[in-house]
Amino acid sequence: MAVHHQLIRRPPYAVWAVLAEPACYGEWVVGPSQSVPLDQTWPAVGSRLGYTVRLGPWSANGVTTVRHQESGKELELEASFKQLGTARIFLQLRPWGDEETLVICDEHPLRGLGGTLHNAASEALLQLRHRGMLGRLARLTEQDPVEQDQAGARHA
């Protein structure tokens, strides 16, 4: 089970604001090149986000569904990628002092080929993915408000 953490120099509400904005997923999640909300209720339980993964000329689509959320504290997702199966991604936000957040990401395969082939090598790849993903989430969250507004305008 791949678990990684990142200290973000912003309070939990600021981190949650990024997680609650589906158009930002393509900026911080490692893998998808773009994301589109399939429901207008993201991140409500049952809401979905469509995404595209591109590798050179090859591309494929997947869907991520919110399975659990506690606003400002927890977001649990099931990412479905037909070729590989599904994975559970759990993001937990813990206040760290007055102005920081410890983000803990726990991801593992649930169904399909990804679960069948899960091993130490794929676990190492998940750890690398988390390092990049949480680093991007930190950079995006820690931007000053003007930069955040400009990033949001790119997705409007």
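Colleague: How many helices and strands are there in the protein?

Modeller: There are 5 helices and 7 strands. Keep in mind that this is a predicted model.

Colleague: What pattern do they follow along the sequence?

Modeller: The pattern reads β-α-α-β-β-β-β-β-β-α-α-α.

Colleague: What is the mean pLDDT?

Modeller: The mean is 84. Of the residues, 81% reach 70 or more.

Colleague: Where is confidence lowest, and where is it highest?

Modeller: The lowest is helix H5, residues 145–155, with a mean of 50. The highest is helix H1, residues 12–19, at 96. Where pLDDT is low, the predicted coordinates should not be read in detail.

Colleague: Let's stay with H1. Why is H1 described as largely enclosed?

Modeller: Because 6 of its 8 residues are buried, H1 is largely enclosed by the rest of the structure.

Colleague: Which residues of H1 are buried?

Modeller: Pro12, Ala14, Val15, Trp16, Val18 and Leu19.

Colleague: And what is Leu19 in contact with, leaving aside neighbours within four places in sequence?

Modeller: Tyr25, Trp28, Trp42, Leu75, Leu91, Leu93 and Leu137. Leu19 is also listed among the residues with the most contacts inside the largest nonpolar core.

Colleague: How many residues does that largest core have, and which others have the most contacts inside it?

Modeller: It has 29 residues. Besides Leu19, the list holds Tyr25, Trp28, Leu91, Val103 and Leu137.

Colleague: Which elements give two or more residues to this core?

Modeller: Helices H1 and H2, strands S3, S4, S5 and S6, strand S7 (100–111) and helix H4 (120–142). The largest share comes from H4, with 5 residues.

Colleague: Now the rings. How many aromatic pairs are there?

Modeller: The count comes to 4. One of them is Tyr25 with Trp28, a tilted pair at 4.9 Å centre to centre, with 50 degrees between the planes.

Colleague: Where do Tyr25 and Trp28 lie?

Modeller: Both are in helix H2, residues 25–28. They are 3 residues apart, about one turn of the helix.

Colleague: Is Tyr25 buried or exposed? And Trp28, buried or exposed?

Modeller: Tyr25 counts as buried, at 4% relative accessibility. Trp28 is buried too, with a relative accessible area of 1%.

Colleague: What about Tyr51 and Phe81?

Modeller: Their ring centres are 6.3 Å apart and their planes are at 15 degrees, so the pair is stacked. The pair links distant parts of the chain: Tyr51 is in strand S3 (residues 48–55) and Phe81 is in strand S5, 30 residues apart. Both residues are buried.

Colleague: Which residues do ring pairs link into a cluster?

Modeller: Tyr25, Trp28 and Trp42. Leu19 is in contact with each of these three.

Colleague: How many bridges join S4 to S5, and how do they run?

Modeller: 7 bridges join them, and the strands run antiparallel. S4 covers residues 58–70.

Colleague: What sits between S4 and S5?

Modeller: That hairpin has 3 residues between the strands. Gly72 takes a positive phi near 80 degrees there.

Colleague: And how many bridges join S5 to S6?

Modeller: 8 bridges, antiparallel, with S6 at residues 85–96. A hairpin joins S5 to S6 through 3 residues.

Colleague: What stands opposite Glu76?

Modeller: His68 stands opposite Glu76 in S5. Glu76 also stands opposite Phe90 in S6.

Colleague: Where is Thr65, and what does it touch outside its sequence neighbours?

Modeller: Thr65 is in strand S4. Not counting residues up to four places away in sequence, Thr65 touches Gly46, Ser47, Arg48, Glu76, Leu77 and Glu78. At 10% relative accessibility, Thr65 counts as buried.

Colleague: Last topic, the totals. What share of the protein is buried?

Modeller: Buried residues make up 43% of the 156 residues. The accessible surface comes to about 8500 Å², and 56% of that belongs to carbon and sulfur atoms.

Colleague: What share of the contacts is between residues 24 or more positions apart?

Modeller: 46% of the contacts with a separation of 6 or more.

Notes:
Residues numbered from 1 in each chain as written. Predicted model: local features only at pLDDT ≥ 70, side-chain atom pairs only at ≥ 80, totals over all residues. Heavy atoms only, no water. Pairing = 2+ DSSP bridges. Helix = DSSP H or I, 4+ residues; strand = E, 2+ residues; numbered from the N terminus. Buried < 20%, exposed > 50% of the residue type's maximum accessible area, 1.4 Å probe, protein only. Contact = heavy atoms within 4.5 Å. Areas by Shrake-Rupley, 256 points an atom, 1.4 Å probe, with all protein chains shown as cover. pLDDT = per-residue confidence, 0-100. Phe/Tyr/Trp six-rings, centres within 6.5 Å; stacked < 30°, edge-to-face > 60°. Core = buried A, V, L, I, M, F, W, Y, C linked by side-chain atoms within 4.5 Å.
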